[in-house]
Amino acid sequence: MADVNCNPDLASNKLSLDEIRDSLIRQEDTIVFCLIERAKFPLNPKLYHRNHGFTGSLVEFIVRETEAIQAKAGRYENPEENAFFPEHLPRPLVHPRKYPKVLHPSGASINMNKPIWDFYFNKFLPLLVADGDDGNYAATAASDLACLQALSRRIHCGKYVAEVKFRDAPHEYEPPIRSQERDSLMKLLTFEAVEEMVKKRVEKKARVFGQEVTLNNTVDGGKYKIDPLLAARLYDEWVMPLTKEVEVEYLLRRLE
């Protein structure tokens with residue numbers, strides 16, 4: 001599945017909130033499709049048990065090894081990408097692309113992947129998939145990783161959102177940044193009407209993308225590959241709150 005840049009205009013070092021917003025909307029498609037793919041498999045709990053003869057669980061092993069391979073190809077040279085096991089990344093073997101320094105250096109290193117990992121496996125995944133074990137551990141782990149990377153990319157786009165908002169209105173953000181007022185920054189970043197619109201759009205996409213389509217142009221309107229309300233809940237309880245956490249953490253460091 002193709003990567004979606006948080007900011008399509010990074011190459012010119014120009015940030016546009018409209019472009020970032022358009023990218024976030026496209027990333028909703030990626031996330032919903034990843035969830036549909038993961039929902040094809042049952043929970044497969046053995047994948048998450050620490051009893052396979054190596055450090056951590058099988059899913060940790062697969063994610064760690066996959067990230068190492070992708071790092072050799074230069075994936076994590078891209079400031080939009082954040083590894084779940086950054087301490088295990090080898091140096092790239094290819095000449096990395098030179099990315100412009102758009103983000104403030106002290107905020108660019110923010111990594112929210114630990115809470116993303118925690119909510120995905122411990123809270124969200126049991127709601128998404130059926131109980132059971134079909135033994136397809138490698139394919140299941142690959143689907144988990146696709147979900148994790150899509151969610152991580154979406155949530156860490158908060159760095160770019162925070163940067164463009166700061167550039168557009170530094171006079172609003174500088175006082176709470178200087179006084180390190182986390183609650184004031186969160187209030188500035190919260191737009192409940194926009195969040196409601198996002199939840200409704202994600203729910204609708206889950207309904208449309210998750211329909212059972214037949215060749216006679218009929219659809220089963222009551223049956224979906226994933227629960228549309230759960231997709232909206234994912235954004236409501238985890239994606240949007242963590243994105244705002246990234247934005248706040250970034251802004252708190254913006255004047256360093």
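Author: Helix 5 has 20 residues. From its first C-alpha to its last, helix 5 reaches 28 Å, close to the 28 Å expected at 1.5 Å a residue. Keep in mind that this is a predicted model. Helix 5 is mostly covered, with 16 of its 20 residues buried.

Now the packing. Two packed helices are described by the angle between their axes and the distance between the axes. Helix 5 covers residues 137-156, and helix 2 covers residues 58-72. They pack at an angle of about 65°. Their axes are 10 Å apart. The crossing of helix 2 past helix 5 is right-handed.

Which residues meet there? Helix 2 brings Leu58, Val59, Ile62, Val63, Thr66 and Gln70. Helix 5 brings Tyr137, Ala138, Ala141, Asp144, Leu145 and Gln149. Sorted by class, this contact of helix 2 with helix 5 has eight nonpolar, three polar and one charged residues.

Next, the rings. A pair of aromatic rings is described by the distance of the centres and the angle of the planes. With centres within 6.5 Å counted as a pair, the model has nine aromatic pairs. One of them joins phenylalanine 84 and tryptophan 117. Their centres are 5.9 Å apart, with 55° between the planes, and the pair is tilted. Phenylalanine 84 lies in the loop between helix 2 and helix 3, while tryptophan 117 lies in helix 4, so the pair ties together parts that are 33 residues apart in sequence. Both phenylalanine 84 and tryptophan 117 are buried.

Another pair is formed by phenylalanine 124 and tryptophan 238. Here the centres are 6.0 Å apart and the planes stand at 75°, so the pair is edge-to-face. This pair links distant parts of the chain. Phenylalanine 124 is in helix 4 and tryptophan 238 is in helix 10, 114 residues apart. Phenylalanine 124 is buried, at a relative accessible area of 0%. Tryptophan 238 has 10% relative accessibility and counts as buried.

Arginine 254 sits in the segment after helix 10. Is arginine 254 buried or exposed? The cut-off for buried is under 20% relative accessible area. Arginine 254 has 16% relative accessibility, so it counts as buried. Leaving aside neighbours within four places in sequence, arginine 254 is in contact with His104, Glu163, Phe166 and Ile177.

Conventions:
Residues are numbered from 1 along each chain as its sequence is written. This is a predicted model: local features need pLDDT of at least 70, side-chain atom pairs count only at pLDDT 80 or more; totals for chains, interfaces and linings use all residues. Side-chain values use heavy atoms; hydrogens and water are left out. Axes are lines fitted to C-alpha atoms, for helices over the stretch in contact, and angles run from 0 to 180 degrees between N-to-C directions. Helices (H or I, at least four residues) and strands (E, at least two) are DSSP runs, numbered from the N terminus. A crossing is left-handed if the near helix is turned anticlockwise from the far one by less than a right angle, and right-handed if clockwise. Contact means heavy atoms within 4.5 Å. Ala, Val, Leu, Ile, Met, Phe, Trp, Tyr, Cys and Pro count as nonpolar, Asp, Glu, Lys and Arg as charged, and the others, Gly among them, as polar. The expected span of a helix is 1.5 Å times one less than its number of residues. Buried means under 20% relative accessible area, exposed over 50%, partly exposed in between (1.4 Å probe, protein chains only). Rings of Phe, Tyr and Trp (its six-membered ring) pair if their centres lie within 6.5 Å; planes under 30 degrees apart count as stacked, over 60 as edge-to-face and the rest as tilted.
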